[in-house]
Amino acid sequence: AQFGALNSEEAARAEWDRLVRRVPELSAFQPRISRLEREGQATLWRLRASGLADSAAARSLCETVRARGFACVPSGT
């Protein structure tokens with residue numbers, strides 16, 4: 001499940017902390033932050049949850065996250 005693409009690794013970590021405070025179910029997972037290089041554009045840092053069993057688990061988690069007013073895209077891993 002992906003929760004955003006932010007301008008810095010620090011911003012991604014801060015967003016994870018904010019999400020966990022507002023969506024306690026996320027505390028069962030670890031954040032996965034990865035660098036995304038885009039030609040001719042600024043680098044982004046993807047914020048995802050690590051430890052989801054499968055795409056159904058990602059969809060379920062995203063439903064919970066979106067119900068609390070946050071963005072989430074099920075990515076399958």
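Is Glu15 buried or exposed? I began my notebook with this residue and then turned to its surroundings.

**Entry 1: the model.** I noted that this is a predicted model, in which local features need pLDDT of at least 70 and side-chain atom pairs count only at pLDDT 80 or more, while totals for chains, interfaces and linings use all residues. Residues are numbered from 1 along each chain as its sequence is written, and side-chain values use heavy atoms, with hydrogens and water left out. I looked up the pLDDT, the predictor's confidence in each residue from 0 to 100. Its mean for the protein chain is 94, and 97% of the residues reach 70 or more.

**Entry 2: Glu15.** I located Glu15 in helix H1; helices (H or I, at least four residues) and strands (E, at least two) are DSSP runs, numbered from the N terminus. Glu15 is buried, as its relative accessible area is 16%; buried means under 20%, exposed over 50%, and partly exposed in between, with a 1.4 Å probe and protein chains only. Leaving aside residues up to four places away in sequence, I found that Glu15 touches Leu6 and Leu47, where contact means heavy atoms within 4.5 Å. The side chain of Glu15 also makes a polar contact with the side chain of Arg18, at 2.9 Å. A polar contact is a pair of N or O atoms within 3.5 Å; within protein, one must be able to donate a hydrogen and the other to accept it, and residues adjacent in sequence count only if both atoms are side-chain atoms.

**Entry 3: the sheet.** I recorded an open sheet of 3 strands in the order S1-S3-S2, with antiparallel pairing; two strands pair if DSSP finds at least two bridges between them. Strand S1 (2-6) and strand S2 (30-36) stand at the edges with a single partner strand each, so one side of each is left without a neighbour in the sheet. S1 and strand S3 (residues 44-50) pair over 4 bridges, and Ala5 has Arg46 as its bridge partner in S3.

**Entry 4: the core.** I found 19 residues in the largest nonpolar core, and those with the most contacts inside it are Ala1, Phe3, Leu26, Leu61 and Val65. Such a core is a set of buried Ala, Val, Leu, Ile, Met, Phe, Trp, Tyr and Cys residues joined through side-chain atoms within 4.5 Å. S1, H1, S3 and H2 each supply at least two residues of this core, and H2 gives the most, with 4 residues.
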